[in-house]
Protein chains: 2
Amino acid sequence: MRNWREVLLGTPLPTRLSHGERLDKIRALAALSPDALSSIAYANQEIYLGLIVAGSAALNLALPIALAITALLAILTLSYSQTIAAYPSGGGSYTVASENLGKYPGLVAAAAVLIDYVLTAAVSLTAGVAAIASAFPVLWQFRVEVALFLLALITIANLRGLREAGTLISVPVYLFIGSYLFMLAYGFVRALIEGPAAVASMPVMEAAQPITLFLILHTFSSGCTALTGVEAISNGVTVFKPPETRNARQTMVVMAGLMAILLLGSIGLTQYFGITAGPEETILSALARHIFGSGLLYVFIQITTLLILVVAANTSFVDFPRVTSLIAKDGYLPRQLNNLGDRLVFSNGILLLAGAVAVLIILFGGDSHALIPLFAVGVFLAFTLSQSGMVIHWVRVQGKNWQLKALINGIGAVTTAITFLVVVVSKFFDGAWIIAVLVPALIFVFLKIHEHYVEIRPQLSLKGYTPPPPPKQEPRVVIPVSGVHRGTLNALQFARAISHDITALYIEIDPSQTERMRQEWAQWVPDVPLEVVDSPYRSILLPLLAFLDHTDRVHNDGQQAVLVMPEFIPASWWQHFLHNQTAWMIRLAILYQRRRHRRARVIIEVPFLLEG
Amino acid sequence: MRNWREVLLGTPLPTRLSHGERLDKIRALAALSPDALSSIAYANQEIYLGLIVAGSAALNLALPIALAITALLAILTLSYSQTIAAYPSGGGSYTVASENLGKYPGLVAAAAVLIDYVLTAAVSLTAGVAAIASAFPVLWQFRVEVALFLLALITIANLRGLREAGTLISVPVYLFIGSYLFMLAYGFVRALIEGPAAVASMPVMEAAQPITLFLILHTFSSGCTALTGVEAISNGVTVFKPPETRNARQTMVVMAGLMAILLLGSIGLTQYFGITAGPEETILSALARHIFGSGLLYVFIQITTLLILVVAANTSFVDFPRVTSLIAKDGYLPRQLNNLGDRLVFSNGILLLAGAVAVLIILFGGDSHALIPLFAVGVFLAFTLSQSGMVIHWVRVQGKNWQLKALINGIGAVTTAITFLVVVVSKFFDGAWIIAVLVPALIFVFLKIHEHYVEIRPQLSLKGYTPPPPPKQEPRVVIPVSGVHRGTLNALQFARAISHDITALYIEIDPSQTERMRQEWAQWVPDVPLEVVDSPYRSILLPLLAFLDHTDRVHNDGQQAVLVMPEFIPASWWQHFLHNQTAWMIRLAILYQRRRHRRARVIIEVPFLLEG
């Protein structure tokens, strides 16, 4: 049982290894920025797809939209660097919103954040597959399969516990940063030398829609997915070497600068060259192909794009289980999400995330474009709650320059709230409505779970509990028998070990068999009384349940008779279908009675091993 | 729990009602012939589809092929009327083949017959839906859904026990016979008066394939599905009023005559009028539309076609559970297929059939044409085995004119064997290969099940068994505890009732909690020892299993310690997800040990009711 697990997931790790490792700024950037940096891959694509429906001419709006997004990025960077200072132990949206805005906004943030992690993973994986399928078009029709395969790899890696991650992850991240900066610089030089005339041969697309304000807002809100992940550093302050706050803030500024360069550079060059893409290619791929041709350098760019998107998906696997364990600790999710697994990871959270991501990938056909409307809503909902929480935080805590700090976060809150509204309105029928349904549904689940935990606490508590006196009598045992064989006698032997008050019950289906049964029973088990009840409708269950109730009423000793049954254990799994059908039905009926009729009857199945 | 069942399935019926009712010839024909009579619906369609690929001209081969099939029908009728005489208690292929040819041919016949029943139901339902969808084309795209809906109705009706069937079923059967005979007569008169010129406007189809011998054999073998169900009367001799044999033989001759008239009449008129059908219409529908126009009479014909096909599907629901119960009685299928349900029907067999038919309808997209290649193979395999068995029967039994009788069945066996080979060869790649895989697979299953039943018989038998002396000691009990609460103390109370040898086991995940646990335990349960084992890898299962094995070894008393655990019973089903996860894992691990490591450890879960 353990062997295949160890091959796949590695040997278990002892608890004492569970202290974290502190990272320098270089490695912290690699660990915390992949989600933010990689988001240009799908944001670029969204801006392109949002505008192209209005024809090639509309593509000239790409750069202005990218500039607006960059302005929003600046505001968010300023806002979150204040969160870093205020929450050096890590200020996720759930923490900040619950502490400052109260329980319900906290739960809204929790729901939004969980949905975001699922969508980050789904969007990153599908966008990564789109990048590599742009280079190898044969993969395009297998996008779902390839995405699921990558998902499986990430899931297994995380169940193993990606402890070496810090250094290992740096490689694809810096490869991505380096190769993209090189591509942009090279493209910039080519643009200076050759000018836009070099690409006059690009096809002019017809406009399917006019350029409207709605179209622009719609595109802007899709492009805002470029900002996802900007909050990651503020959540992860504790991984930095001291002085944590300063290091985190510096790293965040570097990250935001890189994000701005990548976004503006790629969009600017795309627009300058007038690049368009076919239906089975991403716009970033078309840009890279234009700059480098279709050679090795181009393929390398696509591979680093895939790699950083996979790493970005991986950050969800680090954060989602951590946040679900926090929520579970507060009693809003099942407790088992807070159990550390063999490899010091929250295995249940990882599996839950993997399942949800797989469902999304399959439902949306591996198409990141279809997932984006859902994604953007959750991201900006969490941003807004987190920033509003920070405003309240400064009002509550005050301290030096608190009015200025509150103002900065206030601007952040207002701009993200406006963006949130734009996203919801412009994307509602594209899929944003799903989130509008899902967030309240998740909150309902949180509250029901919490209510249940609160209700059962006093029922389990020993406060004011006087332990009952030791039981005066053995349990009364009832054994249903259909014939006399070794399985029956084996169960009877166990019943004898636990009680002297045993009744065998024979349910008469075919009256012609009853006399033989009585004789055999008297021969083999003369000391245990055999009760016979008839069943004109051939039901086993109803006469059995009636007999049990009857015998409890007759004895009226505050106990319920214990049911002892033989259970055949065959040697092969498939042989289970040939045995224990009746015992299984009886078991189901008793389980049903327990839940519906609040009975606490004990069933004991005595295993009887069958060979061959 | 019983209310919705009674509404759906009716109140239970007492066993004493389980004697059958004898039928006169009129009602027996209605009960036993629907499968045979209705098969012209799909056989006609198959002959048309088989020829049309070679163009309109090839349709002239339809009548010669139908004549060949009619000749085969005559041979089969003669052969089976001998089976009626030889097996007045009902001679199904399984019975005849096992009695005369031996175990393995019997099992082959069993597999073939079971597959046939499934396919009869699937083909009849889909052909019936095709008939009604020809009249109401809007249904064509919902063929799968409509077929599944009808399947559900038939399943429920049979689970209720179709006791009134005899009379009720006569209505659609005689409506079908009457309306088809009327249509053929009316068409014949029109043909005489108008001549073929009336339909010169029919479109001429281009040939996609040449007319080859293979094409003709292929079409012939599809058309042979017209013969399915011809054996039904020989299986059901016992339902006839005395003199059973004579009545059955007479009824069979009438049925065969009707089959011949319907087949030759409909094919002859179709060919004479030169009728062709579009892709969303059956050829019989096109014929009826041609004869009657698209008015009420036409719709009526389509409705009676649907009804008789539904009744034909229903005969599978009568026969399949009966045959599986026979096979189960012989120990080749799970015993529970031989249990009479509440309503005196073999409910498990009905459900098994319904599931298999549903799978076929979905897999083959509700298209009877796709199912026919599978169908024809099984039918002729069963025919061949049954007829060969009859030859051996006469050689064994002899009696008056036995050589002649053997010769007649011999001719039947040879012709059906040749047809079987033609079907297999010409349809192999169309789906007949599925049957070639399925029959051996089913036989493998039969044999494995039988082997298992044979092997366990001596293990359960009391022959030479000396009952063990009454147990000298109480069971040793181990209670795994994760904390002290009322659930724990409730389980402990039960443990105390059955034993004085109790050990509590605490698995230390977080060493900082251990001291508090020890103190609480000492405070509440001073008289039960608490063992603490550490678990550096945070596993609950492995230290628990190791402790159980260890304690068994130490005591070395031939017993295995009994595991007692609390089981929380919440008030709502969904709250189960919040509890008992660990108990459930432990249970799974013990079940695994039982099967793989042949341990017979008893687990007792003591229910603890939670409110709210």
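Helices (H or I, at least four residues) and strands (E, at least two) are DSSP runs, numbered from the N terminus. The structure is a predicted model: local features need pLDDT of at least 70, side-chain atom pairs count only at pLDDT 80 or more, and totals for chains, interfaces and linings use all residues. Residues are numbered from 1 along each chain as its sequence is written, and chains are lettered from A and ligands numbered from 1 in the order in which they are written.

In chain B, the loop between α20 (541-555) and β4 (562-569) holds B:Asn556. This residue is not a glycine, yet its phi is positive, at about 45°. Most residues other than glycine have a negative phi. B:Asn556 counts as exposed because it has 7 C-beta neighbours inside 10 Å. (A residue is buried if 20 or more other C-beta atoms lie within 10 Å of its own, exposed if 12 or fewer, and partly exposed in between; C-beta atoms are placed from the backbone.) B:Gln398 also has a positive phi, near 60°. It sits in the loop between α15 (368-397) and α16 (402-427) of chain B. B:Gln398 is exposed, with 12 other C-beta atoms within 10 Å.

Cis peptide bonds come next. One joins A:Pro242 and A:Pro243, with omega about -5°. Another joins B:Pro242 and B:Pro243, with omega about 0°. A:Pro243 lies in the loop between α10 (232-235) and α11 (244-273) of chain A. Most peptide bonds are trans.

Helix α5 (residues 93-101) of chain B packs against α15(B): their axes come within 8 Å and cross at roughly 45°. Axes are lines fitted to C-alpha atoms, for helices over the stretch in contact, and angles run from 0 to 180 degrees between N-to-C directions. The angle makes α5(B) oblique to α15(B) (under 35 degrees is roughly parallel, over 145 roughly antiparallel, 65 to 115 roughly perpendicular, and the rest oblique).

The two chains are related by symmetry. A rotation of 180° with 0.0 Å of shift along its axis superposes chain A on chain B, with RMSD 0.2 Å. Superposition is by least squares on the C-alpha atoms of residues with pLDDT of at least 70 in both copies. The copies are thus related as by a two-fold rotation axis. Both use the same surface: 100% of the contact residues of chain A recur in chain B. Two residues are in contact if their C-beta atoms, placed from the backbone, lie within 7 Å. Of the residues of chain A, A:Ile498 comes closest to the rotation axis, at 2.4 Å (C-alpha).
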